[in-house]
Amino acid sequence: MTNTQQLTQGKNTVQVVGVLAKNNLKQGTVKQGKNKGKKYINGSIEVKVSDHESHTLNFFEMETFNSGAENNAYNNLLTTLNKHNISIADIASGEAPEGAKPTVVRVSGGQLESNDYYNTKTNQLQSFPQATGRYISKVEPKADGTMEKFGSRFQVEGVVDKIQELEEADGSMYVKLSVLNFDFRGNVVPLELTVRGAGAEFLAGNASKGDAFAFHGELRNVFERKEEIVEMEGGFGEPTVKVSQISIREWLVKGGKPLTNEHNYDNTELIEKAKAEREKYLASLEEKAKATKPTPKADNNLFSEPEDNKKEVEAGGLDMSDMESLFGDM
């Protein structure tokens, strides 16, 4: 067992390419604490990757780091904040110039997270999976006129904490994985992944709690509504309309492999300590929430930013000194 006192940071990256559907970024100023007077940009954007699939990416960037150095990611977001990147919603509302088309964008520098907060209306701790971004860039056509393929991808490294073998409607087996990723401070970032097909069979037969893996895959947030005309038989009257809906929200693993020994994920003592620290953090959210103000009603979309998690930057602010270590462009 290694003597390292902190767990190695595991890879955790997200990239999404598609049409900018909505722009909910906003600019604010810290009202109190050591960062009082500093500007920040937070909020979310929605990126449409197909007719029936879109992804919400959440952002938070300070104008400068604690050192006073300029934050390039903040300046990058100003382009979208100032409507230089045009969304589908801008066109629909008439806010875009006549004849404008929505911008194709690439979101990078983000990661998969668990968004935790205490809801004082329900008196329950809530945890929502969310994807973040850091940079938004405009995607131009290639030399041959084609565009970069739309879609999403992620890469994560971590320790398997739980494996569930489940059954699809057609009787086939799939796997739900609870994976412990670790940030640059060695803190736990719990992630819920889905594995199907040959990957599910491999993990069911070869993976156990405590095993370290590197995974890659895609975000899925599919919603499709279908209407089918059903003709009347043996009776009279107009045909009826049968409505069906497909809704899929998951982080789908497309491949993976066991991690080699350059990580210290065999250190069970450090892993248990990190899990205990997370439990302390979660327990502290109730006290903090009740000491401030009631939380609004939660958003039912598990892959969007919960309405009651739109926090102000509070006294003391956030520690941005290590921000370049936490976030990096892909």
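In S8, Tyr 135 is the bridge partner of Ser 108. This is a predicted model, in which local features need pLDDT of at least 70, side-chain atom pairs count only at pLDDT 80 or more, and totals for chains, interfaces and linings use all residues. Residues are numbered from 1 along each chain as its sequence is written, and side-chain values use heavy atoms, with hydrogens and water left out.

Strand S5 covers residues 104–110, and strand S8 covers residues 135–138; strands here are DSSP runs (E, at least two residues), as are helices (H or I, at least four), numbered from the N terminus. S5 and S8 pair in the antiparallel sense over four bridges, where pairing requires that DSSP finds at least two bridges between two strands. S5 also runs antiparallel to strand S1 (residues 12–23), with five bridges joining them, and here Val 19 stands opposite Val 104. Six of the seven residues in S5 are buried (under 20% relative accessible area; exposed is over 50% and partly exposed in between, with a 1.4 Å probe and protein chains only).

Let us turn to the cores. The largest nonpolar core has 36 residues; such a core is a set of buried Ala, Val, Leu, Ile, Met, Phe, Trp, Tyr and Cys residues joined through side-chain atoms within 4.5 Å. Ile 45, Leu 112, Phe 154, Leu 177, Leu 193 and Phe 215 touch the most other members. A second, separate core has 12 residues, including Leu 7, Ala 212, Ala 214 and Ile 271.

Leaving aside neighbours within four places in sequence, Leu 112 is in contact (heavy atoms within 4.5 Å) with residues including Asn 12, Val 14, Phe 154, Leu 191 and Trp 251.

## Thr 194, a buried polar residue

Thr 194 lies in strand S11 (residues 188–195) and is buried, with a relative accessible area of 1%. Its side chain makes a polar contact with the side chain of Lys 176 at 2.9 Å (a pair of N or O atoms within 3.5 Å; within protein, one must be able to donate a hydrogen and the other to accept it, and residues adjacent in sequence count only if both atoms are side-chain atoms). Not counting residues up to four places away in sequence, Thr 194 also touches Tyr 174, Glu 250 and Leu 252, among others.

## Two positive phi angles

Lys 83 is not a glycine, yet has a positive phi of about 70 degrees. Lys 83 sits in the loop between helix H1 (72–81) and helix H2 (88–93) and is partly exposed, at 37% relative accessible area.

Asn 123, also not a glycine, has a positive phi of about 55 degrees. The loop holding Asn 123 runs between strand S6 (112–119) and strand S7 (124–132), and Asn 123 is partly exposed, with a relative accessible area of 47%.
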